[in-house]
Amino acid sequence: MLTLKIESLAGQSSSIFSTLFARKYTDDTVLTADSEEKLQELLNKVVEESKNKGLELNSKKTESMIITRKTSIPKCEIKIEENTIKQANSFKYLGTQITSDGRNHQEIKSRIAQAKASFQQMKSIMTNIKISIAVRKRLLETFIESVLLYGCETWTIDERMKSSLEATEMWFLRRMMKIPWTAKKTNEEVLTEAQTTRQLMNKIRKRQAKFVGHVIRRNQLEHLVTTGKFDGKRGRGRPREKMLDSLADWMNIEKPSEMIRKMSCRDGWRSMIAHASRHGT
């Protein structure tokens, strides 16, 4: 992934947007701004520079989106020359669903659906009792969980999504063990019969801890995105769950700021992750 730096025509700002203007991967580019006017300025600059290189932006393949906590999404009229581009409520970028509410709910639901579809494609193998449960669990981890956990390093998981992920984990096990809902077996009984424990959330937290530690130690743009704050006052209502807060809870560290300091030592951070993996939930 490359960073495309474009200087704002409106001058510098103390917010995160003074550094984060554009993210580009191959031919997929995302521009970000904190106002419609600034976004239009950025887009105009990209259009101008593209023309200088003999390139053109396709207005039909370009979309705008406002990320807001408001239930009523404001209108955003962005143009490529004389063509107004479509305003979307969600779009996929690098395989990840990004929505206008700034949450991960739709992405996690989509991942769960894709993982279940992959399981169904391998149903004849995953439910074959002639294959040991140990081998089938390895197949589950390799072929199914890899679909489910794509991009999980950046997920912010609230209690509702945590319940959905844990239910999905049990959905896989019950079908692998051929245990119908009419058997009325508890999850604990299913786990005992499968000779395993709940591991999915631990895997997610472990991957997040490794990823965030790497980001913090690099101390580049991703560090700013992970730890930076936006200008202005926080909106009314209960604060949303933050990934760093939930990760600190899993690591049994009181404050995210303390956790970030501990990440500077690679070996020490690895030891802490290993300890949390053994004792985390």
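**Labels and their cut-offs**

Author: We start with Glu-193, which counts as partly exposed at 36% relative accessibility. This is a predicted model, in which local features need pLDDT of at least 70, side-chain atom pairs count only at pLDDT 80 or more, and totals for chains, interfaces and linings use all residues. Residues are numbered from 1 along each chain as its sequence is written, and side-chain values use heavy atoms, leaving out hydrogens and water.

Reader: Why is Glu-193 called partly exposed?
Author: Buried means under 20% relative accessible area, exposed means over 50%, and partly exposed is in between (1.4 Å probe, protein chains only). Glu-193 has 36%, so the label is partly exposed.

Reader: What makes Glu-193 and Lys-185 a salt bridge?
Author: The term needs a side-chain nitrogen of Lys or Arg within 4 Å of a carboxyl oxygen of Asp or Glu. The closest N and O atoms of Glu-193 and Lys-185 are 2.8 Å apart, so the pair qualifies. Lys-185 is partly exposed, with a relative accessible area of 32%. Side chains of opposite charge can pair when their charged atoms come close.

Reader: How many salt bridges does the structure hold?
Author: Nine. One of them joins the side chains of Lys-203 and Glu-145, at 2.8 Å from N to O. That pair links distant parts of the chain: Lys-203 is in helix α7, Glu-145 is in helix α4, and they are 58 residues apart. Helices here are DSSP runs (H or I, at least four residues), as are strands (E, at least two), numbered from the N terminus.

Reader: Are Lys-203 and Glu-145 buried or partly exposed?
Author: Glu-145 is at 9% relative accessibility, so Glu-145 is buried. Lys-203 has a relative accessible area of 23%, so Lys-203 is partly exposed.

Reader: How do you know that Asp-34 and Lys-38 form a salt bridge?
Author: Their side chains meet at 3.3 Å, N to O. That is within 4 Å, so the label holds. Asp-34 is partly exposed at 41%, and Lys-38 is partly exposed at 28%.

Reader: What makes a nonpolar core?
Author: It is a set of buried Ala, Val, Leu, Ile, Met, Phe, Trp, Tyr and Cys residues joined through side-chain atoms within 4.5 Å. The largest one has 29 residues, and Phe-119, Leu-148, Ile-157, Leu-165, Phe-172 and Ile-204 touch the most other members. Helices α2, α4, α5, α6 and α7 each supply at least two residues of this core. Helix α5 gives the most, with seven.

Reader: Which residues gather in the patch of negative charge?
Author: Glu-159, Glu-241, Asp-245 and Asp-249 gather there, on the surface. A patch takes residues with over 30% relative accessible area and no salt bridge; like charges are joined within 9 Å, nonpolar side chains (Val, Leu, Ile, Met, Phe, Trp, Tyr) within 5 Å. Asp-245 has 32%, so Asp-245 passes the area cut-off. Asp-245 lies in helix α9.

Reader: Why is Lys-242 called exposed?
Author: Lys-242 has a relative accessible area of 52%, so the value is over 50%. Lys-242 sits in the loop between α8 and α9 and belongs to a patch of positive charge on the surface.

Reader: Is Leu-244 buried or exposed?
Author: Leu-244 is in helix α9. Its accessibility is 13%, so Leu-244 counts as buried.

Technical notes:
Areas by Shrake-Rupley, 256 points an atom, 1.4 Å probe, with all protein chains shown as cover. Lys, Arg positive; Asp, Glu negative; His and termini not counted. Charge placed at Lys NZ, Arg CZ, Asp CG, Glu CD.
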